[in-house]
Amino acid sequence: MVMKSELTERSGVCRFCKASLRHTFVDLGMSPLCESYLRPEQLNQMEPFYPLHVFVCEKCFLVQLEEFVSPDNIFTEYAYFSSYSDSWLEHCRQYTDQMRDRFHLGAGSLVVELASNDGYLLQYFVQKNIPVLGIEPAANVAKVAEEKRVPTLVKFFGKQLAEELASQGKQADLLVGNNVLAQVPDLCDFVAGMKLLLKPGGVITLEFPHLLRLMEENQFDTIYHEHFSYFSFITTQKILERFGLSVFDVEELPTHGGSLRIYGCHTDDPRPVESRVVELGKREEAAGLEKIETYASFAEQAKNAKCRLLECLISAKQARKSIVGYGAPGKGNTLLNYCGIRTDFIDYTVDRNPFKHGRFTPGTHIPICAPERIFETRPDYVLILPWNLKTEIMQQMARIREWGGKFIVPIPVATICS
Ligand SMILES: [Zn+2]
């Protein structure tokens with residue numbers, strides 16, 4: 001089957017290998033930036049929408065979005081504070097224990113985190129008396145990190161900053177990048193910077209949502225403008241290798257709907273390569289991630305999930321039931337905009353992050369309230385937008401069962417949980 005996109009569409013070149021992008025992965029239509037929550041006075045103003053059209057490179061299989069808005073606009077006052085999820089914080093605390101023990105980190109080491117956010121992770125190294133440096137472009141979240149005694153440089157990371165730091169004798173024993181690689185417009189400059197900032201014998205860990213899981217579990221809503229790239233294990237290995245870095249271990253994690261944590265080192269580092277590296281490469285190959293046809297079926301899956309969710313919401317509304325949302329994450333905004341779900345279906349949504357209270361979801365204008373609102377209005381259904389945290393949320397909100405309330409989980413396909 002020949003995709004329409006092969007014949008008619010063309011959009012720039014691959015962020016990594018510079019081949020022309022000719023193959024659509026999925027086209028989610030026009031959408032506003034998913035973190036641009038609106039204040040009441042903005043509701044009657046024009047709102048910019050950008051294409052959420054994802055391509056896959058036929059040479060290196062990097063799945064990617066064109067960069068429509070510069071990171072300066074997206075990230076300098078970022079609403080996402082990592083510290084508002086208990087399970088994520090616990091994940092980070094365990095990580096710091098593991099890294100300290102496995103790589104013998106101590107008072108003479110330096111841990112550097114790229115996109116260190118509000119210090120959610122580095123704070124645990126500080127508690128262990130291991131020196132840290134955070135690099136975070138969003139000034140408002142960096143300020144919160146400083147309050148946690150996490151020294152933070154308010155800058156974008158790349159080759160130039162890495163050179164400056166290395167010339168000051170600052171190189172990392174452990175260089176951490178959690179959920180940052182996807183947000184880097186100039187991928188090559190960023191990875192070249194990591195190579196420079198890594199001390200000889202040092203270790204890089206990168207965590208990112210795994211493209212294989214995104215495809216297998218239909219997580220199309222994790223696509224948004226702020227995430228420029230979506231990585232398979234095989235493609236990530238290729239990218240690191242080109243800059244003199246090798247992957248020596250990999251772990252599969254449940255976070256963000258299924259992430260990878262890859263362990264990298266300088267290519268000339270004599271560390272043994274763990275068998276998990278070879279095994280995962282084989283699994284991705286078997287799943288067809290090195291064939292362009294495999295990527296072509298994803299768009300149909302996304303459309304199907306949209307229909308199923310709308311069917312579920314329409315039948316609830318026809319039965320005169322009330323529906324509210326839980327959470328206002330970036331992924332929720334992709335889902336709501338792609339499916340066209342506004343206050344006709346969802347009365348309001350709630351979020352634990354007070355920064356979002358009193359604001360409205362971008363594009364769909366659903367009011368965002370504090371979680372207690374659900375206990376005041378006692379809705380029939382609660383649509384869980386951050387479905388990756390559904391277990392935690394269903395526990396926190398278990399009391400909705402007192403009035404017969406039920407949860408709706410939208411992904412991989414809409415499911416009602418009572
Ligand atoms: Zn490419």
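Tutor: Rings of Phe, Tyr and Trp (its six-membered ring) pair if their centres lie within 6.5 Å; planes under 30 degrees apart count as stacked, over 60 as edge-to-face and the rest as tilted. This is a predicted model, where local features need pLDDT of at least 70, side-chain atom pairs count only at pLDDT 80 or more, and totals for chains, interfaces and linings use all residues. Residues are numbered from 1 along each chain as its sequence is written, and side-chain values use heavy atoms, with hydrogens and water left out.

Student: Why is the pair of F25 and F298 classed as it is?

Tutor: The ring centres of F25 and F298 are 4.6 Å apart. Their planes meet at 0°, so the pair is stacked.

Student: Is F25 buried or exposed?

Tutor: Buried means under 20% relative accessible area, exposed over 50%, partly exposed in between (1.4 Å probe, protein chains only). F25 has 1% relative accessibility, so F25 is buried.

Student: What is the angle between the planes of F220 and Y338?

Tutor: F220 is buried, and Y338 is buried as well. They form an edge-to-face pair, with 5.4 Å centre to centre and a plane angle of 65°.

Student: How far is R359 from the ring centre of F355?

Tutor: A charge sits over a ring if NZ of Lys or CZ of Arg is within 6 Å of the ring centre and within 35 degrees of the ring normal. R359 lies over the face of F355, and its distance from the ring centre is 4.6 Å.
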